[in-house]
Amino acid sequence: MPPSLNLVFCGTPRFAVPALEKLVAAGFPVRLVVTQPDKPRGRGMELAPSAVKQSALALELALTQPGKIKTNDEFRAQLSALNPDAIIVVGYGRILPQWMIDLPPLGNINLHASLLPKYRGAAPIQWAIASGETVTGVTTMRIDAGLDTGDILLQREIAIAAGDSAETLAPRLAALGADLLVETLRGLQAGTVHRQPQDSTQSSLAPILKKEDGRIDFRRPAQQICNRLRGFQPWPGAFASFRGKNLQVWDASPLERSLPGGELFLENDQLLAGCGERTSLRLLEIQLEGRKRMDARDFIHGYHPENGERLA
């Protein structure tokens, strides 16, 4: 068995926690965990630690939370003194400076939640579902100066179930990715894993989500709207305007039913909204601004929408 690799782990969200825990369980020495500074959350806006920080503390690992890294001489000296064989990066949330990319002999190894070169960017899980994919996966890659453009090391596929949302798919990808990271490092140690350049002609982007991405465009076909609803959970979700107020759509299903775009139609306690390409959306669970979530039947009896009213 080759000697263990000295690792530095950079990560922030819950998605990165299984990777950190699996590396430690596999016996890899994680000399330092790097995560983002505590951020204000909740109504009281109290400082809260990242999921990775909580995991690192539970594992009794050395931890640092630099506010900046590109021109941080103290942080650079700290990493250089550790002389890591590889730096593992999982959802860290910062662009790595070139000095950090050049530091370890095995490079900065990133776990990315898509089958690169598809869905490069900050929200690959969300956009894969929103785009109607039935298969996605995880990739380990060598980070370079581009946006998820580095050489691929290993990949694994996973099916996207018809009912999957970003919330249900992410934990499965995180677990799959954690195993893949261990396999990648062991393969690099043994010389059995080799770098493969990405085919950038096949690339697609998964940009960071904006609030407006959740606004329903009723010119789209209903299935596409449902895909985006599932992909954009828990935020920004899917919403429209009803009688001048925000209407959050929590659950819906597509129908082959031709109605004018955005127009409501009531049928036997069912609430339909017209969509593009001669389809309709059956609204199942919705929430009017300032009110609780409710099923369509309760909404109909509570707010008495009329046939022909429009969602915008």
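Which residue follows H3, and is its phi positive or negative? Asn83 follows H3, and its phi is positive, near 50°. The legends below describe a predicted model.

**Figure 1. Overview of the protein chain.** The predicted chain has 312 residues, and 48% of them are buried. Its secondary structure comprises 8 helices and 15 strands. Along the principal axes, the C-alpha atoms fill a box of roughly 70 × 45 × 30 Å. Among contacts with a separation of 6 or more, 65% join residues 24 or more positions apart.

**Figure 2. Helix H1 packed with helix H6.** Two packed helices are described by the angle between their axes and the distance between the axes. H1 spans residues 17-25 and H6 spans residues 166-190. Their angle is about 40°, and their axes lie 8 Å apart. The pair is therefore oblique. H1 passes H6 in a right-handed crossing. On the H1 side, the contact is made by Pro18, Ala19, Lys22 and Leu23. H6 contributes Ala174, Ala178, Asp179, Leu181, Val182 and Leu185. By class, this contact holds 8 nonpolar and 2 charged residues, with no polar ones.

**Figure 3. Helix H1 packed with helix H2.** H2 covers residues 51-58. H1 and H2 pack at about 20°, with their axes 9 Å apart. Angles under 35 degrees count as roughly parallel, so H1 is roughly parallel to H2. This crossing, too, is right-handed. H1 makes the contact through Val17, Leu20 and Glu21. The H2 residues are Ala51, Val52, Ser55 and Ala56. The contact of H1 with H2 has 5 nonpolar residues, 1 polar and 1 charged.

**Figure 4. The two ends of helix H3.** H3 runs over residues 73-82. Asn72 caps its N-terminal end. A side-chain oxygen of Asn72 lies 3.2 Å from the backbone nitrogen of Glu74. After H3 comes Asn83, with a positive phi near 50°.

**Figure 5. Gly244 between strands S10 and S11.** Strand S10 covers 239-242 and strand S11 covers 245-255. Gly244 lies in the loop between these strands. Its relative accessibility is 75%, so Gly244 counts as exposed. The cut-off for exposed is over 50%. Gln198 is 46 residues from Gly244 in sequence. In space, the two residues are 47 Å apart, C-alpha to C-alpha.

Technical notes. Residues numbered from 1 in each chain as written. Predicted model: local features only at pLDDT ≥ 70, side-chain atom pairs only at ≥ 80, totals over all residues. Heavy atoms only, no water. Axes fitted to C-alpha atoms, helices over the stretch in contact; angles between N-to-C directions. Helix = DSSP H or I, 4+ residues; strand = E, 2+ residues; numbered from the N terminus. Parallel < 35°, antiparallel > 145°, perpendicular 65-115°, else oblique. Left-handed = near helix turned anticlockwise from the far one by under 90°. Contact = heavy atoms within 4.5 Å. Nonpolar A, V, L, I, M, F, W, Y, C, P; charged D, E, K, R; others polar. Polar contact = N/O pair within 3.5 Å; in protein donor to acceptor, adjacent residues only side chain to side chain. Buried < 20%, exposed > 50% of the residue type's maximum accessible area, 1.4 Å probe, protein only.
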